[in-house]
Amino acid sequence: MRIALAIARKELSLFFTTPWAYGVFTAMVALSSFFFVNLLATFQQVQEQAREVTWAMMPPDMTAYRNLTDGVMVQLWGMVIVITLFIAPFLSMRLFAEEKRNKTFELLMTAPVRPIEIVLGKYLGGLGIISATLGLTLIFPLVLSAFGHAESGTALEWPTVLLGYGGILLWGATCMAVGMFISALTESQMLAAFLTFAVLLPWMLLSGVAQATEEPLRSVLTYLSFDAQLQNMLKGILDVQTLVFFASVIVFSLLLTHRTVEARRWA
């Protein structure tokens, strides 16, 4: 484990000393800020309309705007998931592909390091990178908590907010695991990023496809969909099934990466 942590520290230090890191951070903050401001504007408009006609007269789909948690944060987390879908492939693409492009992968293979330590070290480094990127979005609930207000006296329902954020981290961890496996298959970083996106996007949209199918296929596709699995956590509901699903995808991706690296060592 000590070697894996050393590899993880190396990955983090390399990432944070490049302009690419701050470009990704800027993109995350800029995009999430755009959606945050728009959600706040919509929330304010709905609140003003509700004060004029009362909530009893409002359309049923507007009830989410009765509080900041459901009206802003839950929807913002949904947007952050989509942003992560686009950003994560560019964070994971370099984990192995860059080593191959720079011809340092062969040197790593000849070092007294086991493939499992390489895989775990690379993944922990990637996990630190995606966690730092997603951690920037915590500024939004902190802003609402500091300046927002509600009739109950608490601007946000923090258990719901934090559980939704936990779902985002779980999604980010899964994206990095899948992306790392694909990065281990090629030496082209851009190809790795494109293939990771090409795998994650349809996987995310399986719930939409499921609606056009019949049982039992509908239930199977819904269970396999990332989007369907994340919905409960975004709403503040902890489901063990969701944790098992994402843990299984992560572990399976790590196992595939390990076999790929191991095969490369003996090639």
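Helix α4 is followed by Lys103, whose phi is positive, near 60°; helices here are DSSP runs of H or I with at least four residues, strands are E runs of at least two, and both are numbered from the N terminus. The model is a predicted one, in which local features need pLDDT of at least 70, side-chain atom pairs count only at pLDDT 80 or more, and totals for chains, interfaces and linings use all residues. Residues are numbered from 1 along each chain as its sequence is written, and side-chain values use heavy atoms, with hydrogens and water left out.

Helix α4 itself (residues 94-101) is mostly covered, with six of its eight residues buried. Buried stands for under 20% relative accessible area, exposed for over 50%, and partly exposed for values in between (1.4 Å probe, protein chains only). Among the buried residues of α4 are Arg94, Leu95 and Phe96.

Of the 25 residues of α3, 18 are buried.

Turning to charged pairs, a search of the whole structure finds four salt bridges, each defined as a side-chain nitrogen of Lys or Arg within 4 Å of a carboxyl oxygen of Asp or Glu. One of them joins Glu11 and Arg94 (3.2 Å, N to O). This pair links distant parts of the chain, with Glu11 in helix α1 and Arg94 in helix α4, 83 residues apart. Both Glu11 and Arg94 are buried. Another salt bridge is formed by Arg114 and Glu117 (3.4 Å, N to O). Arg114 counts as exposed because its relative accessibility is 52%, whereas Glu117, at 10%, counts as buried.

The side chains of Glu262 and Arg259 also meet in a salt bridge (4.0 Å, N to O). Both residues lie in helix α13 (residues 240-265), three residues apart, about one turn of the helix.

For the protein chain as a whole, there are 13 helices and zero strands. Its C-alpha trace spans about 70 × 45 × 30 Å along its principal axes, and buried residues make up 43% of the 267 residues.
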